[in-house]
Structures are given as structure tokens and as C-alpha cells.
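This note sets out, point by point, what may be read from the model shown below.

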Amino acid sequence: MQPHKQIDTEVVIIGAGPAGCSASIYLAKFGISHVIIEKETYPRDKVCGDALSGKVVNQLKKLNPEWINELNDFSDTYTPSWGVLFSAPDGNEIGIPFKHKPSEAEHSPGFISKRIDFDCWLFQKLDTNFAEVLQNTEVKDVIIHKDGVEVICDECIINAKIILSAEGTRALVAKKYLNYTLEKQHHCAGLRAYYNGVTGLDEQGFIELHFVKESLPGYFWVFPLPNGQANVGIGMLSEYVSKNKVNLKKLMLEVLESPKFKDRFKDAKLQNKILGWGLPLGSKKNRPISGERFLLAGDAASVIDPFTGEGIGNAMFTGKWASEQVRDSLVSNNFSANELRKYDKTVYKKIGGELRVSTVMQRLIKYPWLFNWMIRKIKRNPELRETITFMFDDVDLRKKFTSPLFYLRVLFK
Ligand SMILES: Cc1cc2nc3c(=O)[nH]c(=O)nc-3n(C[C@H](O)[C@H](O)[C@H](O)COP(=O)(O)OP(=O)(O)OC[C@H]3O[C@@H](n4cnc5c(N)ncnc54)[C@H](O)[C@@H]3O)c2cc1C
């Protein structure tokens, strides 16, 4: 047997998805040497709806304001997205623009891009002056000692002071050191399919979220991609899927055959296999996301928005906050669980409120009549539509959804 190659470094990042890459780019900005390990080889696919929200765009701008112009130029792989269309179980629809004044925007507030393209593009932004990048290298085990960590792969062992686990769902570090198990009430099952030839796609790249009666208590989506393609999928709480033995693939194909979508998918061709993957939702309040000498970011930390299924933005944000905590811990030479808990506090202070709002909204889907009523009201009321647009523009305004006053206003308008 070949002896393991030994690598010594300050920090090890496991996983080079959006969380790991954004953490690595920030560590490089702070001048911190590190190793980032990815089990796949780029370009690699990731099952996703491929919608890059305003949060992702904001993060990219913070990483480098020039990068957003690159996305704008890649019309072959990126669809600019200007809004979202919701449809209610009774068939009523509303379109809500992401921007209050689209004419004044330099670029679209969101984008849709296959993850095989977006993740690879972001991966290429890693700064190899500070990051030693190991692709096609799977972490097999992690050992945390009092005075350091060992990360074990087939051909190498990396010794470092701290681990940033950005491994996505089913993270090894979380399982081993925080006893994470899949909690079906905080987890969603999702399917993704690429189709060609779907008709009726919005010209301004509005993403479509359909809360149709066939898909409840989950939702069905159609997101427009360049060259007449669309990302089509369905998501549903795992607890419901397993209790009711739902066959998600069969259900999705039934939705495509339903009167609402039959014509739009009449000539559509499935491009490759329908694939499934899990979404670890951020609906469990204050779940621990660090411990002695390790931090979790992105899906490893379960921070996906429970209502929309959006996780790339929070993956990038937690990658950033985790890298800031790593920087501070290196300065103070303090990697204790107590010190690293500051990272948990930052995360929940910044996004805990919005995760709770989305959890409430996710639970409201169980009451289709309420959803129908809300959509009807919003449709009839331009002022309310405008308020919701402002909410997309400013995440803090989403808190309004939890306020009883907001519902009273809706009721009496
Ligand atoms: C069906 C579906 C639809 C979705 N739709 C959307 C959407 O439209 N918009 C949105 O914002 N979010 C969406 N999400 C959520 C989004 O995909 C995730 O939140 C996001 O990918 C999280 O990024 P991450 O970097 O944490 O994890 P990942 O993107 O999963 O990256 C983790 C990386 O770690 C690597 N890795 C794992 N284990 C190891 C190991 N042992 N050693 C080395 N490397 C390892 C993996 O290969 C991977 O590259 C969707 C998810 C699903 C399943």
C-alpha cells in the first residue's frame, strides 16, 4: 500500500460547491492559506432548480463587482430573471416582479443557470495563490484532536487547525460530531428534469412556482433556461412523502399531463434522466452548526429556505460568515466549541428571522383555501403586489408576512 501524502495547512474546506467556494474566496481575500477538497471533478452536475436569487447576485457583487457583468455576457448559459409567477391551487396566478423599478436596474435581479455551468464558473474563481485545490479527492474520515484536525482521503492526510465542512447534505463531519440524522419534518425531497420545447415560458425569465392541487403540500416549478430549455421539478416535505408513500416521479408526470400544463408540454422532450436529491431545510430553530475545531456551511448546516427551496444564497452567505470566524479564530488561536459558537449566533442573527417566516409560510401550504384566498387578494390589489415586490427587493420586509397586521390589511383591502 502507498503511504499517505501528508499536507500541513491552516484550514481545510471539504466540498467545493457554492458554500465551499465562497468560503475559499473569502479566506484568500484574508490572506489565509488553505486546502479545498472536492470529491468530483469540475464541471460537475448538481440536482437543483438552478434559480440564482437576488441573494446570490448580491453575494457575487460583494466577492467581485465585475463578475456580474460576466454573467450578463453569457447568454448561452444564463437566463436573466426579473420576477416570479405564483399559481394557487384554484388556478389563479400572479406575477410579482423582483424589482420595483426594473427600468433602473443595470442587470436582472436574479438568473437561472444550470449548476453544471454556474458552479464550474465559481470554482474557476478560486484563488490558487492561497487555495490548494484537490479535485477528484473524497474525504473518507475526519479526526478532531485537542490540538488539530486530520482529514483523511485515499491518497493523502491533511493536518490543519480547523475544518470548514461545506459538503452539502449528508455531511460526514455533521454526522460524526453533531450526530446529525435526517429529520423528515425538516427535509424536502426534490426532483429535477431538463426539458426542451416547453411553451409559454416568460420572456422576462419569470420563474414559475405552482402550488397546484396535484402537487400539494409540495410545489411544482418551471424555470426558463437559455435555448428553449426549462428546468422542471417538484419538491415535497420528506415526512409527507414517506407517510403517504408518494411516488414523486409519477406525481410530477401527472402534473405535466394535467389540464393546466398539458398543452405547454405537448411537444416537450425530456433531455435526460429525471434525478432526485434532498433539501435540508432551515426549519429547525437554532440547530448547532459548529463544534470544537469545525464549522458547517451551506446544506451541511441545513439553511435552505423552507418555503422556496432556495439554498445557494444562504450557502454563499454561511461560507462567508464561516470564513470570517475562521479568520478570527486563527488570530486568537482559539478553536474551542465555545468560541466557534459565535458563528452560530451570527448565522441565526442574520437569517434566523427569515427562516422562521418561511417555515410559517411552508406550513400554510397545508391550507389550500388560505393560499387561494391570498393569491386572489394580491391579484386584485396593485398596492399589495407592490408591497410584495419590495419584499423581494428587501429581505427584511419578508418579516411582514409574520405580522397579524399584514393579514388584517390584506383582509380589509
Ligand atoms: C431538487 C432541488 C432543487 C433546488 N432548487 C434550488 C434553486 O432553484 N435555487 C437555489 O438557490 N437552491 C436550490 N436548491 C438547493 C441548492 O441546491 C443547495 O442549497 C446548494 O447546492 C447548497 O450548496 P452547498 O455548497 O452547501 O452544497 P453542494 O452544492 O451540494 O456542494 C457540496 C460539494 O461537496 C462535495 N462533497 C461532498 N462530500 C464530500 C466529501 N466527502 N469529500 C469531498 N467533497 C465532498 C460535493 O461533491 C459537492 O460538490 C435545490 C436543491 C434541490 C435538491
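1. The shell around the ligand is made up of 17 nonpolar, 10 polar and 11 charged residues. In this classification Ala, Val, Leu, Ile, Met, Phe, Trp, Tyr, Cys and Pro are nonpolar, Asp, Glu, Lys and Arg are charged, and the others, Gly among them, are polar. The model is a predicted one, in which local features need pLDDT of at least 70 and side-chain atom pairs count only at pLDDT 80 or more, whereas totals for chains, interfaces and linings use all residues. Residues are numbered from 1 along each chain as its sequence is written, and side-chain values use heavy atoms, with hydrogens and water left out.

2. Of the 38 residues around the ligand, those that come nearest are Glu 38, Arg 44, Gly 49, Arg 115 and Asp 299. A residue counts as near if one of its heavy atoms lies within 4 Å of the molecule.

3. A nitrogen atom of the ligand lies 2.9 Å from a backbone N or O atom of Ala 51. A polar backbone atom of Asp 50 is 3.4 Å from a ligand oxygen atom, and one of Gly 309 is 3.4 Å from a ligand nitrogen atom. The protein covers 94% of the 1000 Å² of accessible area that the ligand has on its own; the areas come from the Shrake-Rupley method with a 1.4 Å probe.

4. Two or more residues of the shell come from each of α1 (18-29), β16 (219-224), β19 (275-280) and α8 (312-332). The largest share, three residues, is that of β19. Helices (H or I, at least four residues) and strands (E, at least two) are DSSP runs, numbered from the N terminus.

5. How are α1 and α8 packed, in angle and in distance between axes? Their axes are 7 Å apart, at an angle of about 35 degrees; axes are lines fitted to C-alpha atoms over the stretch in contact, and angles run from 0 to 180 degrees between N-to-C directions. The contact (heavy atoms within 4.5 Å) includes Tyr 26 and Leu 27 of α1 and Met 316 and Val 326 of α8. By class, this contact has nine nonpolar, three polar and one charged residues.

6. Two cis peptide bonds deserve mention. One runs from Tyr 42 to Pro 43, with omega near 0 degrees, and Pro 43 is in the loop between β3 (34-37) and β4 (51-52). Another joins Leu 216 and Pro 217, with omega about 5 degrees; Pro 217 lies in the loop between β15 (207-210) and β16.

Terms used. A polar contact is a pair of N or O atoms within 3.5 Å; within protein, one must be able to donate a hydrogen and the other to accept it, and residues adjacent in sequence count only if both atoms are side-chain atoms.
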